[in-house]
Amino acid sequence: MMNESLWRDIRQSGYLHRPLPLYGDRSLEQEQARETILHAAALFPTAIEEASVAGLIWEHRGAGTLSATSEGLPLLGSPTVMPAWPIGAPADGDYTNFGNAWIAASLERANWESFNRMTLELRPDFQGVPNAYVMIQFRNEGAIPIPDLYEREGVHGVNLRNQEWNTIHLNIQELPRDAITEIAIGYMINGKERATGDTMELRLRSITLEQVPVSSVSKGWLPSAGTIIYSQSGYSLHGTKTAFASELAAAAFHLKRDGEEEIAYSGDIRMIETALGSFALLDFTPFKQEGRYYLQAGDVRTESFTIGAASSVWHASLWKALNFVFCERCGYPVPGIHGACHADITASHEGSMISFNGGWHDAGDVSQQLIQSAEVTAALFEMAEQVKAQDEDLYLRLLEEGEWGIDFLLKTRFGDGYRATSAGMTRWTDGRIGGMDDAVARVHNQAYENFYCAGIQADISRKLPNAALSTRLLEAAKEDFDFALEEYGKHGFGQKPTFWEHTYQTSESLYMATASWAATMLYNTTKEERYAKHAASFIAYVQRSQELDGILLDDGTAMRGFLYRNPDKRVVQHFNHQAREHLYMQALVAIHQSQPEHTEADSWLASIQAYGEYVKKLAAYTAPYPMLASGLYHIDEHLDSRSFNLQHLLIDEQALADYSLQLQAGVRLNASFYLRRFPVWFSFRGNNAILLSAGKAASAAGAYLNDQELLDIAEGQLRWIVGCNPFGQSLMHGEGYRYAQQYSVLSGEMTGELPVGVQTFGNEDEPYWPQFNNATYKEVWTGNAGKWLSLAADLYAVDARR
């Protein structure tokens with residue numbers, strides 16, 4: 001349900017041709033600023049004489065220089081670019097910046113366990129840098145060493161206001177801190193864009209260790225006592241409506257209209273026992289009146305939320321997600337963030353060259369991935385179709401953004417099967433071709449990318465009001481499909497995937513699901529029988545990779561419907577970073593819908609139904625949370641080295657041992673299979689893409705089968721992200737409440753941004769969401785905004801036909 005202030009902001013953005021403002025009043029950082037300090041100890045510049053706190057002596061590391069201000073405070077400075085790449089960086093500048101500048105201080109195994117917060121005062125003077133991003137890093141040499149093997153733990157990044165003093169509050173409750181031996185503060189030298197000056201300076205004024213009342217949790221399934229966990233955007237009128245807490249003093253709860261004391265609904269608070277612990281459940285599913293409400297149980301109350309149709313509950317989030325996508329445009333001047341960027345990232349093939357800018361930056365590191373931009377483009381048109389009749393302003397703006405994506409899709413085709421596919425950046429460039437800060441995009445003729453782009457192009461061609469562009473897009477789709485067939489005919493699945501491409505983890509069964517879906521999209525558009533035959537041939541491989549007989553579990557029940565990576569059925573299909581689980585259901589639904597009289601049509605429908613059964617069983621393992629469990633794992637999957645190394649990037653032998661430990665932290669199903677609520681993962685962690693993709697698969701199946709339970713599970717993935725999680729935080733910045741800063745290094749905070757997602761600590765299988773802001777789990781990811789729009793589109797479509 002859109003409020004007038006948001007509408008005003010949307011209008012003032014020129015209907016999103018300028019970024020929406022940040023809504024800091026509802027942020028976690030504002031909440032922290034109001035916390036009561038119970039005890040404090042100055043770590044710098046004046047030290048209290050305690051065993052755990054000693055004065056700091058700073059030394060310089062990395063790029064730049066360390067000097068002192070007139071007050072004797074540390075002053076770290078550097079140019080905004082350096083004359084050469086850092087030592088050890090790739091010679092061609094692939095995925096590198098100009099180095100980092102640090103100050104560091106040593107400590108004598110200081111024990112900070114009596115403190116749970118650190119407060120720092122920092123002032124960046126970064127001339128014209130789009131985002132004043134500063135890092136704070138800790139080293140602990142106690143029971144749990146920090147940083148960890150993958151350099152993820154113990155590093156916090158913060159987006160500061162430039163050219164003014166900032167007070168930063170950092171929750172260190174979950175930081176291992178029994179023997180702190182170092183603290184370091186620094187920044188990245190990320191190059192110049194249009195407005196950037198020549199120098200960067202960082203001043204440090206103070207560091208204080210503090211003890212504050214613990215108001216929220218960072219790890220585990222149980223929320224803070226007395227906190228009601230709920231969907232901060234709201235609930236579907238026709239779906240499950242529950243909230244819960246770890247404990248509440250009240251015996252009953254009331255649902256009240258926003259701004260009023262009038263009770264709209266009341267119910268008893270019921271204690272439930274789950275595998276995750278005991279919860280006080282507030283169930284108001286029977287209530288079916290649209291409006292804005294809040295929950296109250298004794299003295300505890302929530303903020304307000306919406307009950308209604310999808311267009312009431314999720315509409316504001318669509319504008320915000322679209323805002324995030326717009327802010328991530330590459331090659332376009334985004335007001336207040338950056339100028340027209342990355343024109344000197346080039347792609348060459350057979351004597352021709354293009355600037356590989358356009359589409360949208362992949363993430364907080366402003367890299368570029370063709371497939372990610374293609375998927376976002378598809379989602380924009382998918383969502384546009386669903387809002388066309390009810391919000392013409394949003395419809396037209398989605399079309400406009402989608403056409404920006406189409407331009408990139410067509411621009412990066414060389415017309416002979418080769419495409420420019422990706423470039424690792426993590427820096428701004430000067431836009432002048434021929435300088436040392438240039439980069440070269442990867443160019444390949446990969447069958448999988450061509451299949452996928454062919455399907456996306458064919459699907460969009462039917463939704464475009466621009467007839468000329470629609471015709472050209474369909475021509476490109478047909479050509480790309482044939483290029484893909486040719487390469488697949490030569491290599492089969494043997495075509496070597498490209499490291500760092502977002503398709504690197506693709507399994508054989510996912511490959512065939514994608515190819516089948518692409519063929520059906522072309523069949524739907526052209527009605528040429530050859531595409532229907534290809535679609536059926538490809539989907540047969542997928543069905544041979546599905547567990548339809550079922551595996552017997554220790555409790556006597558069976559689990560069926562899930563997919564393996566191939567028909568050998570030795571390695572279950574998982575997603576641990578990139579996620580495209582939805583393509584299985586989209587392919588099966590599309591082919592059954594387009595060829596209902598086919599001899600295999602009944603088996604296609606049976607596969608959809610079996611997958612739906614599987615999803616429903618998965619949902620039970622994370623109740624009362626709506627988050628879907630990751631799925632099943634065989635105990636010997638890690639012994640298939642080829643598959644294991646495709647699934648998990650940047651690992652070593654330690655990952656083989658950790659695989660078994662992670663399974664043991666999950667749920668034993670039988671002697672051969674375990675269930676994990678979170679994926680088995682190592683360096684790359686965070687499950688938003690995984691949940692949104694699984695949610696899209698559930699919505700595709702649920703909408704086709706008219707299954708409300710599956711649709712509720714699908715919508716539940718959105719609810720998890722907007723606060724129905726143990727931390728009571730919305731993970732979409734600007735939507736809901738208590739959202740925190742995220743890892744958006746080069747562009748800064750953007751309303752609507754979504755991170756990679758909640759992670760786990762070490763080999764555990766419970767949610768872990770510290771305030772520490774680092775990649776990958778807190779890195780903003782444009783693809784997640786696309787998945788958000790795509791899933792919401794299904795919910796809108798279902799409501800439209802009720």
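This short talk describes the fold of one protein chain, from its overall build down to single residues.

Good morning. The structure is a predicted model, in which local features need pLDDT of at least 70 and side-chain atom pairs count only at pLDDT 80 or more, while totals for chains, interfaces and linings use all residues. Residues are numbered from 1 along each chain as its sequence is written, and side-chain values use heavy atoms, with hydrogens and water left out.

I begin with the chain as a whole. It contains 17 helices and 31 strands; helices (H or I, at least four residues) and strands (E, at least two) are DSSP runs, numbered from the N terminus. The radius of gyration is 26 Å, close to the 28 Å that the globule rule gives for 802 residues, so the chain is as compact as a globular protein of that length. That radius is taken over C-alpha atoms, and the globule rule is 2.2 Å times the number of residues to the power 0.38. Along the principal axes, the C-alpha atoms fill a box of roughly 80 × 70 × 55 Å.

Of the 802 residues, 64% are buried; buried means under 20% relative accessible area, exposed over 50%, and partly exposed in between, with a 1.4 Å probe and protein chains only. Contacts are heavy atoms within 4.5 Å. Among contacts between residues at least 6 apart in sequence, 74% join residues at least 24 apart. The mean positions of the 64 positive and 99 negative charges are 3 Å apart. Here Lys and Arg count as positive and Asp and Glu as negative, without His and the chain ends, and each charge is placed at NZ of Lys, CZ of Arg, CG of Asp or CD of Glu.

Let us turn to the strands. Which strands form the open sheet with antiparallel pairing? The order is β23-β24-β26, where two strands pair if DSSP finds at least two bridges between them. Strands β23 (368–369) and β26 (442–444) stand at the edges with a single partner strand each, so one side of each is left without a neighbour in the sheet. Strand β24, residues 419–423, is joined to β26 by 3 bridges in the antiparallel sense.

A second pairing involves β8, residues 155–160, where 6 of 6 residues are buried. Both faces of β8 are covered, with V155, G157 and N159 buried on one side and H156, V158 and L160 buried on the other. Strand β7, residues 132–140, runs antiparallel to β8, and 6 bridges join the two. In this pairing, Q137 stands opposite V155.

Finally, some details of the backbone in the loops. The peptide bond from A623 to P624 is cis, with omega near 10°, and P624 lies between α12 (601–620) and β29 (631–634). Another cis peptide bond joins A775 and T776, with omega about 5°; T776 is in the loop between α16 (708–721) and α17 (782–800).

Positive phi values in residues other than glycine are also found. Phi is near 45° for Y95, in the loop between β4 (74–79) and β5 (100–110). For V366, phi is near 50°, and V366 sits in the loop between β22 (352–355) and β23. Are these residues buried or partly exposed? Y95 is partly exposed, with a relative accessible area of 41%, whereas V366 is buried at 1%.
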